[in-house]
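Subject: Structure handover

Hello,

Here is the structure for you to open. My notes on its side-chain contacts follow below.

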Amino acid sequence: MVAESSTKLISVTLRVWRQAGSGQPGKFVEYKASNLNPNMSLLEMLDVVNDDLEKRGEDPIAFAHDCREGICGTCSLVIDGKPHGPHRGIASCQTYMRSFADGATITIEPFRAAPFPVIKDLISDRSAFDKIQQAGGFISVRTGAACDANAIPIPKPVADLAMDAAACIGCGACVAACKNASAMLFVSAKVSQLGLLPQGQPERDTRVLNMVGKMDELGFGNCTNQYECSAACPKLISHDFIARMNRDYIGALFRSSLKPASNAAGGGAG
């Protein structure tokens, strides 16, 4: 005989944000989700709900996902008012149904910020982050092959700090958590990741100036140092990187002011 599973199934009520498209009105819609295994992830629960909706001929809930391992940053949901849900240092895809009581009502909505317009339902357009990265998040130094990785000695504390910054997965939780929709934590992580290393020094000044400039251009708000960003970050990126970036930015502004003006647009000899 096969032993009967002792796992107690649960049921929840979902309040899900439904929006047909960008710029269109949206609203919360309630769904009942029954007989759920508490060990399934929140995204797996949404898969089950969508299967039922499709069987009834209804439009499934649109939500973004990819790796489902807390690595890619695609699964950006606000769960019960908190970006990524109730747990600290956990992405939406790593939130399991055992985190909620049987009979609970769970509110799920997209990340909300002017630079993150809603595409459909729970999916936000976070391509603004790509534009910031493209503005300066790169190096021009030839790094060689993998075997050349140790050619430039780097003190371990510096390497560790750079790796801490590199842990940012660009999910946007920092923006969703901030009352001003500031992207300072994301930008400071990307600036610091490269600015701490020798290979990132040639563009250090232009990188921070261009990335901060692009952030402002795209409409992200100012940082008020209340640290909602680091509290919501699934990778626990420290807000100390914001202070580091501010120092780099002020230094870059000062050094750029001392450079002679370019004569590239000048006319011919008089």
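Glutamate 203 forms a salt bridge with arginine 207, and their closest N and O atoms are 3.7 Å apart. A salt bridge here is a side-chain nitrogen of Lys or Arg within 4 Å of a carboxyl oxygen of Asp or Glu. Both glutamate 203 and arginine 207 are buried. Buried means under 20% relative accessible area, exposed over 50%, and partly exposed in between (1.4 Å probe, protein chains only).

Before you read on: this is a predicted model, where local features need pLDDT of at least 70 and side-chain atom pairs count only at pLDDT 80 or more, while totals for chains, interfaces and linings use all residues. Residues are numbered from 1 along each chain as its sequence is written, and side-chain values use heavy atoms, with hydrogens and water left out.

**Salt bridges**

The structure holds eleven salt bridges. Arginine 204 meets aspartate 248 in one, at 2.9 Å from N to O. That pair links distant parts of the chain: arginine 204 is in helix 6 (residues 204-217) and aspartate 248 in helix 8 (residues 240-257), 44 residues apart. Helices (H or I, at least four residues) and strands (E, at least two) are DSSP runs, numbered from the N terminus. Arginine 204 is partly exposed, at 27% relative accessible area. Aspartate 248 is buried, at 14%.

Arginine 255 and aspartate 205 form another salt bridge, at 2.8 Å from N to O. Arginine 255 lies in helix 8 and aspartate 205 in helix 6, so this pair ties together parts 50 residues apart in sequence. Salt bridges with shared partners also join Arg18, Asp59, Lys120 and Asp121 into one network.

**Aromatic rings**

There are five aromatic pairs. Rings of Phe, Tyr and Trp (its six-membered ring) pair if their centres lie within 6.5 Å; planes under 30 degrees apart count as stacked, over 60 as edge-to-face and the rest as tilted. The ring centres of phenylalanine 116 and phenylalanine 129 are 5.3 Å apart and the planes are at 75°, so the pair is edge-to-face. Both residues are buried.

Phenylalanine 129 also pairs with phenylalanine 186. This pair is stacked, with 3.7 Å centre to centre and 0° between the planes. Phenylalanine 129 lies in helix 2 and phenylalanine 186 in helix 5 (residues 184-195), so the pair ties together parts 57 residues apart in sequence. Ring pairs link Phe116, Phe129, Phe186 and Phe220 into a cluster.

Best wishes
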